[in-house]
Protein chains: 2
Amino acid sequence: MPTIVVDVMPKAELLDPQGKAVAGALTRMGAERITGVRVGKRFEIQVDGPVDAELLEQVRHLAETVLSNAVIEDVVAIHHDDSVMAGETH
Amino acid sequence: MPTIVVDVMPKAELLDPQGKAVAGALTRMGAERITGVRVGKRFEIQVDGPVDAELLEQVRHLAETVLSNAVIEDVVAIHHDDSVMAGETH
């Protein structure tokens with residue numbers, strides 16, 4: 001079943017306390033080359049049938065109105081991957 | 001500054017109540033072709049200097065030990081993108 005992935009991140013200009021906390025923890029663990037972290041949401045949406053332009057447009061609309069808060073978040077990417085595998089590095 | 005993206009999702013075999021709630025809402029809004037939703041986390045990690053194998057390995061270790069709970073989550077992807085732009089569809 002095809003999967004559409006929607007990535008939502010806090011707006012770049014906003015403070016991200018969660019990201020700051022994670023960055024602090026990673027730095028204290030010795031990861032000196034890490035200079036910042038931002039934490040967002042990743043939605044995997046399983047859909048029935050082929051992913052066409054109309055469906056992608058519907059998902060973009062839902063992403064911008066339901067899956068994210070337009071005041072504090074941006075939909076940074078929408079991509080579909082028919083074989084979303086665990087542990088895949090790409 | 002290079003950015004390494006870490007995607008973390010709930011283990012596939014686990015119930016995802018948050019995902020179920022989102023899927024229900026999207027279906028009630030008329031998105032009949034959506035059959036399921038899973039909600040995970042997306043980390044954008046800014047790093048100093050070039051992204052090399054050693055740094056990627058360090059980030060993978062931190063992803064599996066700090067950024068995710070190995071009991072209930074999988075690190076599904078680690079990728080680096082020197083130009084993570086808002087609103088980019090790819």
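Copies are superposed by least squares on the C-alpha atoms of residues with pLDDT of at least 70 in both. I note that first, and also that this is a predicted model.

**Entry 1: the two copies**

I laid chain A on chain B. A turn of 180 degrees does it, with a shift of 0.0 Å along the axis and an RMSD of 0.0 Å. That is the relation of a two-fold axis. Which residue of chain A comes closest to the rotation axis? I found A:Lys41, with its C-alpha at 2.3 Å. Then I compared the interface residues. Of those in chain A, 100% are also interface residues in chain B, so the copies meet through the same surface.

**Entry 2: chain A by itself**

I counted two helices and three strands in chain A. Along the sequence the pattern reads β-α-β-α-β. Chain A has 90 residues, and 47% of them are buried. I also looked at contacts in chain A between residues at least 6 apart in sequence. Of these, 76% join residues at least 24 apart.

**Entry 3: strand β1 of chain A**

I followed β1(A) to its partners. Residues 3–10 form this strand, and six bridges pair it with β2 (residues 34–47) of chain A in the antiparallel sense. In β2(A), A:Glu44 is the bridge partner of A:Val5. A:Phe43 in β2(A) stands opposite A:Val6. Seven bridges join β1(A) to β3(A), and these two run antiparallel. There I found A:Met9 opposite A:Asp74.

Is β1(A) enclosed or open? Eight of its eight residues are buried, so β1(A) is largely enclosed by the rest of the structure. I checked both faces, and both are covered. One side holds A:Thr3, A:Val5, A:Asp7 and A:Met9. The other holds A:Ile4, A:Val6, A:Val8 and A:Pro10.

**Entry 4: helix α2 of chain B**

Which residues of α2(B) are buried? I listed B:Leu55, B:Val59, B:Arg60, B:Leu62, B:Ala63 and B:Leu67. They lie on the same side of α2(B), because they cover an arc of only 165 degrees around the axis. On the other side, B:Ala53 and B:Glu54 are exposed. I then looked for what covers the buried residues. The cover includes α1 (17–28) and β2 of chain A, along with β1, β2 and β3 of chain B.

**Entry 5: salt bridges**

How many salt bridges does the structure hold? Over all chains there are 14. I looked up three of them.

Next I took B:Arg42 and B:Glu44. Their closest N and O atoms are 2.6 Å apart. B:Arg42 counts as buried because its relative accessibility is 5%, and the limit is under 20%. B:Glu44 counts as buried too, at 5%.

The last one is on the helix. B:Glu64 and B:Arg60 meet at 2.9 Å, N to O. Why are they about one helical turn apart? They are four residues apart in helix α2 of chain B. An α-helix has 3.6 residues a turn, so residues three or four places apart point the same way. B:Glu64 is partly exposed, with a relative accessible area of 39%. B:Arg60 is buried, with 19%.

I also found a network. Salt bridges that share partners join A:Asp7, A:Arg38, B:Arg42 and B:Glu44.

Note on methods. Residues numbered from 1 in each chain as written. Chains lettered and ligands numbered in written order. Predicted model: local features only at pLDDT ≥ 70, side-chain atom pairs only at ≥ 80, totals over all residues. Heavy atoms only, no water. Pairing = 2+ DSSP bridges. Buried < 20%, exposed > 50% of the residue type's maximum accessible area, 1.4 Å probe, protein only. Arc of directions from axis to C-beta. Contact = heavy atoms within 4.5 Å. Salt bridge = Lys/Arg side-chain N within 4 Å of Asp/Glu carboxyl O.
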